[in-house]
Amino acid sequence: MNRQKPMENINELTGEFLKKGGLSSRKENFETLWCLTDEKGKGLVREINLRPGLKMVIVDCQPNKNLAIDMEIKDSPLEFNFFLSGMVQNTTIQARSKKKSFIINTGQTCIGYYPESFCTIEPVGKKPIHVLNILITPQLCADLTKDLPDPLSEGIHSIVKGTSQRNHQRLGLMTASMYMAIHQILNCPYQGLSRRICLEGLALELIAHLIAVDTQPKAPPVLRPSDREKIYHAREILIRDLENPPTLFELARCVGLSHTKLNRGFRKIFDTTAFGYLRQQRIERGRLLLEEGMMNVAEVAYAAGFSSPSHFAKAFLKYFGAQPGIYLKEILNGMNPSHS
C-alpha cells in the first residue's frame with residue numbers, strides 16, 4: 001500500500017479520500033458534490049458540512065469492480081455508517097496489529113474508528129452502493145455527551161475520552177427508526193440555513209439511534225470462521241430469491257449446517273432467525289419498490305414476496321410505524337414539484 005500524507009481533520013480526510021476515488025467536485029454553499037468518472041464507475045457523492053467537527057457524506061453510485069481506495073488516516077473521526085444498498089470490504093492495518101478485514105452489506109450499520117491506520121475500501125459484487133456516513137470528531141462527541149448520565153458503550157466511551165488509540169468497529173442492523181430518519185434526510189425539502197439545521201438534527205438523531213443500539217448488551221459470538229462463512233452464504237441464498245426461498249431444512253442442507261445451528265448463527269450475527277431475516281429483507285424490498293413509485297401497494301406486496309397485501313401492510317406497519325399506503329402517498333407527493 002502506498003503511504004500518503006496523514007489527514008489532519010475531517011475535511012482533509014474526506015476530501016483526500018474522494019480525490020483518490022477519481023472524483024471531480026463542485027461546491028454548493030455548505031455542500032460539495034463529487035462526480036464519479038466513467039473509468040471508476042458512475043454516480044455522485046454528496047459531502048455536507050453541518051458544523052465544525054460534524055459532517056455527512058452520502059454515496060450513491062455504481063462503481064466498477066476495479067474501484068479500490070487506499071489511504072492513511074492519522075486523526076480518525078468516529079464514523080457512523082448506514083448501508084442502504086451494496087456491499088464493501090474494509091481492510092485496516094494498524095501499527096503492531098494484524099491486518100483486519102470485514103464486509104458491510106445492505107441493511108447493516110457500522111460504528112468505526114481507525115486512528116493511525118492504513119485503510120482500503122473496495123466494493124464487493126455488482127450492486128449499486130448507496131451509503132450514508134456521518135463523521136464526528138471525538139472532541140465534539142465528548143462535548144455533546146458531557147454531564148449526561150446516559151452511558152456509552154465501553155468502546156465508544158474510551159474513544160470519546162481520548163484513552164483509546166485502537167481500531168474499533170461494530171456492525172449491526174438498521175432499525176425502522178434509522179430508515180425513517182434517513183428517508184427524511186434524502187428527501188429534505190428545505191434550502192439554505194433551514195436545510196443545514198434540519199440535516200444536523202437528523203444526523204444527531206441517527207447517531208443517537210446507533211449509540212442506543214450499541215449500548216445494549218450482547219453475548220459475544222462463538223461461531224467458528226467456517227460456520228460464519230456458511231451463514232453468510234445462507235443469507236445470500238435467501239436474498240437471491242425472496243419470492244420463493246428454500247425451506248429452513250433445505251437452506252441448512254445447502255450450506256452444510258444443521259437447521260438449529262443455522263438459526264443460532266443467524267441470531268448471533270443478525271439478531272434474528274434465518275426467516276426473520278428473510279422477512280426483514282422482504283419488507284425492505286417493499287419499501288424500495290414503494291419509493292420507486294411505479295407500483296400500487298398490492299403489486300409491491302406480491303413483488304416483495306408476501307402472500308397477500310394485508311400481510312405486507314401488517315409487517316410494514318410493525319417495522320416502519322406507518323401504513324404502506326400512507327408511505328407511498330408521501331413518496332408520490334415528494335415527486336410532485338407542487339408539494340416540494
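At 44% relative accessibility, Glu116 counts as partly exposed, a label for residues between buried (under 20% relative accessible area) and exposed (over 50%), computed with a 1.4 Å probe on protein chains only. Glu116 sits in the loop between S9 and strand S10 (117-123); strands here are DSSP runs of E with at least two residues, helices are runs of H or I with at least four, and both are numbered from the N terminus. The phi of Glu116 is near 50 degrees, a positive value in a residue other than glycine.

A word on what is being looked at: this is a predicted model, where local features need pLDDT of at least 70 and side-chain atom pairs count only at pLDDT 80 or more, while totals for chains, interfaces and linings use all residues. Residues are numbered from 1 along each chain as its sequence is written, and side-chain values use heavy atoms, with hydrogens and water left out.

Asn29 also has a positive phi, of about 55 degrees, although it is not a glycine. Its spot is the loop between strand S1 (23-28) and strand S2 (31-36). With a relative accessible area of 68%, Asn29 is exposed.

Turning to the strands, S6 (residues 78-85) is mostly covered, with 7 of its 8 residues buried. Strands pair if DSSP finds at least two bridges between them. S6 pairs with strand S11 (residues 129-136) in the antiparallel sense over 7 bridges, and Glu79 stands opposite Leu135 in S11. S6 also pairs with strand S9 (residues 108-113), again antiparallel, over 4 bridges. Here Asn81 has Cys110 in S9 as its bridge partner.

On to the helices. Two packed helices are described by the angle between their axes and the distance between the axes. Helix H6 (residues 225-240) and helix H9 (residues 274-292) pack at about 40 degrees, with axes 10 Å apart. That makes H6 oblique to H9, since angles under 35 degrees count as roughly parallel, over 145 as roughly antiparallel, 65 to 115 as roughly perpendicular and the rest as oblique. The axes are lines fitted to C-alpha atoms, for helices over the stretch in contact, and angles run from 0 to 180 degrees between N-to-C directions.

Arg235, Leu238 and Ile239 in H6 meet Ala274, Phe275, Tyr277, Leu278 and Gln281 in H9, contact being heavy atoms within 4.5 Å. The residues of this contact divide into 6 nonpolar, 1 polar and 1 charged; Ala, Val, Leu, Ile, Met, Phe, Trp, Tyr, Cys and Pro count as nonpolar, Asp, Glu, Lys and Arg as charged, and the others, Gly among them, as polar.
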